[in-house]
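I opened my notebook to look around a new protein model. Here is what I looked up, entry by entry.

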Amino acid sequence: MGQQNISPQEFTELLLTRHSIRRYTDEKIDPDKVKDILQAALLAPTSKSARPWQFVVVEDPETLQALAGCKPLGAHSLKTCVLAVVVCADPAVSPMILEDCAIAAEFMQLQAAVLGIGSCWVQVRGRDNAEGIPSDDVVRQLLDIPADITVECIMTFGYSAETRRPVDPSKLKWEKVHIGKWTDSAE
């Protein structure tokens, strides 16, 4: 087994303290850290190693502001982030693009958290902007993404301008875990 850089306890602590961050400072992210975040996405496993995803990195403040208009709710983190990564994929390469994109997006979030950088998932696929135009069409047009590429989400990144408490492990919903077969938690 390869070198382990983070202990199981540290990983659990990371999971308890990582939150979706929607307000960021204006501090820029070091290019080496941006590379680490993107590398995490490229290291994400995919169905049959197809690697159907593509990533569009956006740092231009005007473009970030324009992307925030891709949907009326849930995209405001694009207005204050200093970095966004649009996660998209080619459905002709694999039928599992939604899962593959989701895993890559989450790998980026975890890498960002390790680096002390906040992040938030902005869902694009299946959403509309305020005028009823599909959000993925808005993003495609702004970033010149080909029409045959599916836009799944936009990940926002930056240093947190909000304070969040760690998750209380005693509030985990263990009743949602079923061992061996589905059981009704009311039994």
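**Entry 1: a note to myself.** I keep in mind that this is a predicted model.

**Entry 2: helix 2.** I started with the length of helix 2, which covers residues 31-43. At 1.5 Å a residue, its 13 residues should span 18 Å, and the end C-alpha atoms are 18 Å apart, so the two agree.

Next I asked which residues of helix 2 are buried. I found Val-34, Ile-37, Ala-40 and Ala-41. They cover an arc of only 115 degrees around the axis, so they sit on the same side of helix 2. That pattern reminded me of a handy rule: an α-helix has 3.6 residues a turn, so residues three or four places apart point the same way.

Then I looked at what the buried residues of helix 2 pack against, and I noted strand 1 (53-58), strand 2 (83-89), helix 4 (97-114) and strand 4. On the face turned away from the buried side, I noted the exposed residues Pro-31, Asp-32, Lys-35, Leu-42 and Leu-43.

**Entry 3: salt bridges.** How many salt bridges does a search of the whole structure find? It finds four.

I looked up Arg-125 and Glu-152, whose side chains meet at 2.6 Å, N to O. This pair links distant parts of the chain, 27 residues apart: Arg-125 is in the loop between strand 3 (118-123) and helix 5 (135-143), while Glu-152 is in strand 4. Is Glu-152 buried or exposed? Glu-152 is buried, because its relative accessible area is 4% and the cut-off for buried is under 20%. Arg-125, at 32%, counts as partly exposed.

My next pair was Arg-164 and Glu-162, with their closest N and O atoms 3.8 Å apart. Arg-164 is partly exposed at 38%, whereas Glu-162 counts as buried at 17%.

Asp-137 is partly exposed at 36%, but Arg-140 is buried at 13%.

**Entry 4: a surface patch.** Last, I looked at a nonpolar patch on the surface, formed by Val-167, Leu-172, Trp-174, Val-177 and Ile-179. Together they have about 530 Å² of accessible area. Ile-179 lies in the segment after strand 4 (150-158). With a relative accessible area of 72%, Ile-179 is exposed.

Terms used: Residues numbered from 1 in each chain as written. Predicted model: local features only at pLDDT ≥ 70, side-chain atom pairs only at ≥ 80, totals over all residues. Heavy atoms only, no water. Patch = residues over 30% accessible without salt bridge, like charges linked within 9 Å, V, L, I, M, F, W, Y side chains within 5 Å. Areas by Shrake-Rupley, 256 points an atom, 1.4 Å probe, with all protein chains shown as cover. Helix = DSSP H or I, 4+ residues; strand = E, 2+ residues; numbered from the N terminus. Buried < 20%, exposed > 50% of the residue type's maximum accessible area, 1.4 Å probe, protein only. Expected span 1.5 Å × (residues − 1). Arc of directions from axis to C-beta. Contact = heavy atoms within 4.5 Å.
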